[in-house]
Amino acid sequence: MSVMLKAENLHHRVSTSEGPLTLLNDISLQLPTGQSLAITGASGSGKSTLLGLLAGLDRPTEGKIWLAGQEITAMDEEQRAALRARCVGFVFQTFQLLPGLTAQENVMLPSELRGERNAGKRAQEFLERVGLGHRLHHYPRQLSGGEQQRVAIARAFCSIANDSSTADNGILFADEPTGSLDAHNGEKVIDLLFKLNEETNTTLVLVTHEQRLAERCGAHLRMAAGEITTADIPDNYLGDQAEVSV
Amino acid sequence: MLPLKLLGRDWRGGELALIATALVLAVSCVTAIAHFSDRLTRAMYIQSQSFLAAERVVQSSKVVPQEWLSKADELGLEQAQTTVFASMLSAGDEFQFASVKAVTDDYPLVGHLEMRGNASDEPRTVQQGPAPGEVWLEARLLPLMDLQIGDQLQLGDGDFAITGILDHEPDRGASLFSMGARLMMHQSDLAETNILQPGSRVTYRYLFSGDDAALNSYFNWLKPQLTEHQRVIDLEEGQPRVARTLDRAESFLFLAASLAVLLASVAVGLAARRYSLRHANYVAVMKSLGAGKNKILGIYIGQMTALALIATAIGLAIGSLIQSQAVNLLEGFFPVAPPPSGIQPLWVGLATGVACVIGFAMPPLFRLAQTDPMQTLRQDWSNPDKREWLGLIPGPLSMLLLIWWLSGSLAITLALLAGLGLLIAGAAVVNRLLVRGRLASLGGSWRIALGSLQRRAGFNTLLIAAFGTGLLAMLAMFYARTALIDEWQMQLPENAPNHFLVNIAPYELDGVKQKVEGKNLEGTEFYPMVRGRLIAVNGTPVNERDQKDGSIRRELNLSWTDTVPADNKIVAGEWWSEDLNEGVSVEVEVAARLGLSLGDVLRFSIGGLETEATITSLRTLDWNSMRPNFFMLFAPGSLDTFPATYIQSFYLPPEDKLFVNELVKNFPSVSIIELDKILENIRETIGQVAIAVESVLALMLVAGVLVLVAGVRASIAERLQEAAVIRTLGGRRQLLIRSLMIEFGLLGVAAGLLASIGTEATLAVLTQRVFDMPFQFHPGLWVIGPLAGALLVGTAGTLACRSAVSQPPLKVLRELA
């Protein structure tokens, strides 16, 4: 089983008016392709910062990260963006749909940024897969919270599905995907997320407060004050090469 | 294609509408002003040239060499010729002195003649003078000589048929000494009259028109060959009053165009800033989806370029349409139909679009491309950037380059730069004072308003500066326009003297006085006048001092009076008193030219006799007063031994024009200089310029309002959200409306105060340096500025935010989410 994501000795510090602040302290982890990892912790524990670094949205102060076999910490911003365009999808807590675009246009956006031609058709396919085939031309403000998050999920999978109807070998980062939804809608969204994850053999990293959601993932890291405090890694899940080291 | 696609989608979302509107308005305002000013300037120049009946004129007291005219032919210049002299006309037993003007077929080259075939006809416009053998007379000559159209009259040895009444000739004002009523004849008939003999006092005028290059080339060739008998007259020399009006109007129009550009740019800048702030999360999302910085830049610059091209094209079209409609509407006011404008205004409009976009719309986009994609996880769109000030450089810089190009004046450009810098610094200071307000002791609406001001302290500095610029431009233009128009009207008040009586012999003085006063005419006093030449200063002959000054070469009108004439002011020395009853008072500018000072002894030659006088005072005088003015005024009694005549000027209403005939009949030796037609022409030109200035002011107001709208909209989203939250928490509508009015009102007062300071400073520079007028303090401005700021900004802000209080708060919050 190949490794999709690997981090070694990550440190991240920022400067503030009160002096330097350590956000992450010596984090290492490794995640095989097609598996799922949940990161939980209290607010301010550093989980979203870690998610951003692992996705290549920022660079750590120290340490190395490999994504899809490439060291993203050695890349400049443009190269990291190009890698994200190829194999990274995002689902955000507040959906982050562009209000001026319809559901279909929002889902098309990643494909259009890559310059693909059949973006509209593929977006429609993914929206149908998340059960929103009848809402293609609706704007975000015309959709409920649950529907908006389903559009965001369709966009995330469309983002990593390079010219095929599947997203094999891509990785999806989800930041509190149910944080803005009620329990019922949250449940539906999570079901959908895991269903698509399984169907497309995508690697999934999600940040959540919900214990129930974390338990559905293959691995679970708990964070506090920028450090990993505990890691639940079932033996039957990890295999020989995969590991999450603390 | 992606930028265009996104542009279309963004447009649907309404995000780009404001920036496009601001650009369209910017380009259309400036294009309209540039077109309008270009057409008016052309019209004014055509009309002004008609004062000369040509573009340039060579005036000579002798016939010029044929070679000069052949050279003009070679260069393809159009030519015409006039010959003006005074002569006696006769018809039967009636004799009358007249000013004769013989003209060639091509006269006038610019402008037109107006004549009537019958006394009862309406005057019609013609482009040619009388045919050979015919003459046209000024209307008042007919009753004076008991003549009718169709009768014959004699001029020298020639007999001529009267075929028309001459109502208007464009270059009537060419010589102030075109005394007597006009007779116009064909140049080819001159020889037949046998009037012109060697030594006759004749003014030959050679008229030239053509393209600028040919004219310049011709006059560069000609000027070195001119003798003291010849001079070249162009607009500046021929009609200095009109030339000065045009110069000032041009300065005003260019300045107004520059300020309109500045205002519109501020509007574009504010709209672009808001656009980039609202798009920060778009960019963060796109970046997290794999768009690199270059891709983002490509998308947004592509979008903005497409938007700018469309908006600029629409702006150019609207600007051209506005000006053509404006010219059509005002057509009746223009004495000369404004000719179509050239391509220059379109370039000005295009340059405005480019400068606005590059200077104001693009920098926020570069900053936008720097958006940190981590913001998608942090939920923070404020995107603080310590280098934000760098983005403020291209805007003012591009504006300065544009204004420099438009105004052609580095001084105006630097003054505006300094003004802008001071305004922003002032805005920062005023803003600091505003945010220092203590909240705890204030009532509800004041607390909300001041709290809101304190939260947006940084942006408010920008907003106060923007509102201040808008108000400053509007106030400065309003006051400058008022000052200009007032000054122009003061130059030529309605009842400015329009007739001069000269050569009044002492024995006729009482009779003339009686006649003029009997008619209840507004006139000046009667000044005695002797003709003399200045021959020495402190014993040194003047021809050894300065040969070039015309005041020395020609005979001067010397006068005396016991009171300082109206519009004269003593600037050095003393006026006559009991202790000081001899000497001469000299006009200050001629004194400066001749290097004269108090105490110098001047020697004059008057009719072959000589007299000396010591300079006892220096005077300024107003050449525009249309009153008799004198370089040299002597103490009463100093020139009693020399034969004098008298001069006076008075205003004669048009309906009393035949009074001139009465004077001529009763006092045949008195010469009457009629300036009424010239003054009427000048007044028309000034009126036309005033209309241009008023129209430009209206366009400036549009640009100013645009800045207000853009400024209010730039911060509206945050305010709407806050208002919705306060309402959700139970805040009443009235409380919110009051707090919005207070907040925007205070911003308006601050901006208005700064605008008042800026306007006063701007007017001080403008009036003294650009318009060449004295400085005047404007106390009203200090009230109007803050009041107008509070009213305009307060009303615009409250109206723009009214949806926050009129719509259900949930709806507002959902729309903003």
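Because the model is predicted, local features were considered only at pLDDT of at least 70 and side-chain atom pairs only at pLDDT 80 or more, whereas totals for chains, interfaces and linings use all residues. Residues are numbered from 1 along each chain as its sequence is written, and chains are lettered from A and ligands numbered from 1 in the order in which they are written.

The secondary structure of chain B comprises 26 helices and 23 strands, where helices (H or I, at least four residues) and strands (E, at least two) are DSSP runs numbered from the N terminus. Of the 817 residues of chain B, 46% count as buried; a residue is buried if 20 or more other C-beta atoms lie within 10 Å of its own, exposed if 12 or fewer, and partly exposed in between, with C-beta atoms placed from the backbone. Among contacts in chain B between residues at least 6 apart in sequence, 86% join residues at least 24 apart, two residues being in contact if their C-beta atoms, placed from the backbone, lie within 7 Å.

Two packed helices are described by the angle between their axes and the distance between the axes. In chain A, the axes of helix H3 (residues 103–113) and helix H4 (residues 119–129) come within 8 Å and cross at roughly 125°, the axes being lines fitted to C-alpha atoms, for helices over the stretch in contact, and the angles running from 0 to 180 degrees between N-to-C directions. H3(A) is therefore oblique to H4(A), given that angles under 35 degrees count as roughly parallel, over 145 as roughly antiparallel, 65 to 115 as roughly perpendicular and the rest as oblique. The crossing of H3(A) and H4(A) is right-handed (a crossing is left-handed if the near helix is turned anticlockwise from the far one by less than a right angle, and right-handed if clockwise). On the side of H3(A), the contact involves Ala103(A), Gln104(A), Val107(A), Met108(A), Ser111(A) and Glu112(A), which meet residues of H4(A) including Ala123(A), Phe126(A) and Leu127(A). The residues of this contact of H3(A) with H4(A) divide into seven nonpolar, four polar and two charged, where Ala, Val, Leu, Ile, Met, Phe, Trp, Tyr, Cys and Pro count as nonpolar, Asp, Glu, Lys and Arg as charged, and the others, Gly among them, as polar.

H3(A) also packs against helix H5 (residues 145–160) of chain A, with axes that come within 8 Å and cross at roughly 25°, so that H3(A) and H5(A) are roughly parallel to each other. H3(A) passes H5(A) in a right-handed crossing. Here Ala103(A), Asn106(A), Val107(A), Leu109(A), Pro110(A) and Ser111(A) in H3(A) meet Val151(A), Ala154(A), Arg155(A), Cys158(A) and Ser159(A) in H5(A), and the residues in this contact divide into seven nonpolar, three polar and one charged.

The contact between the chains takes 28 residues from chain A and 26 residues from chain B. On the side of chain A that touches chain B, helix H1 (47–54), helix H2 (77–87), strand E6 (88–91) and H3 each supply at least two residues, with the largest share, six residues, coming from H2(A). The residues of that side of chain A divide into 14 nonpolar, six polar and eight charged.

In soluble globular proteins, nonpolar side chains tend to be buried together. The largest nonpolar core of the model has 196 residues, and those with the most contacts inside it are Ile153(A), Ile19(B), Ala22(B), Ala26(B), Ala264(B) and Val268(B); such a core is a set of buried Ala, Val, Leu, Ile, Met, Phe, Trp, Tyr and Cys residues joined through C-beta atoms within 7 Å. Leaving aside its neighbours within four places in sequence, Val268(B) is in contact with residues including Ile19(B), Ala22(B), Ala26(B) and Phe360(B). Apart from this core lies another, of 42 residues, among them Leu89(B), Leu144(B), Met185(B) and Tyr206(B).

Several local backbone features were also identified. The peptide bond from Tyr107(B) to Pro108(B) is cis, with omega near -5°, and Pro108(B) lies in the loop between strand E3 (94–103) and strand E4 (113–116) of chain B. Ala53(B), although not a glycine, has a positive phi of about 65°; Ala53(B) is found in the loop between helix H2 (17–52) and strand E1 (56–60) of chain B and counts as buried, with 26 C-beta neighbours inside 10 Å.
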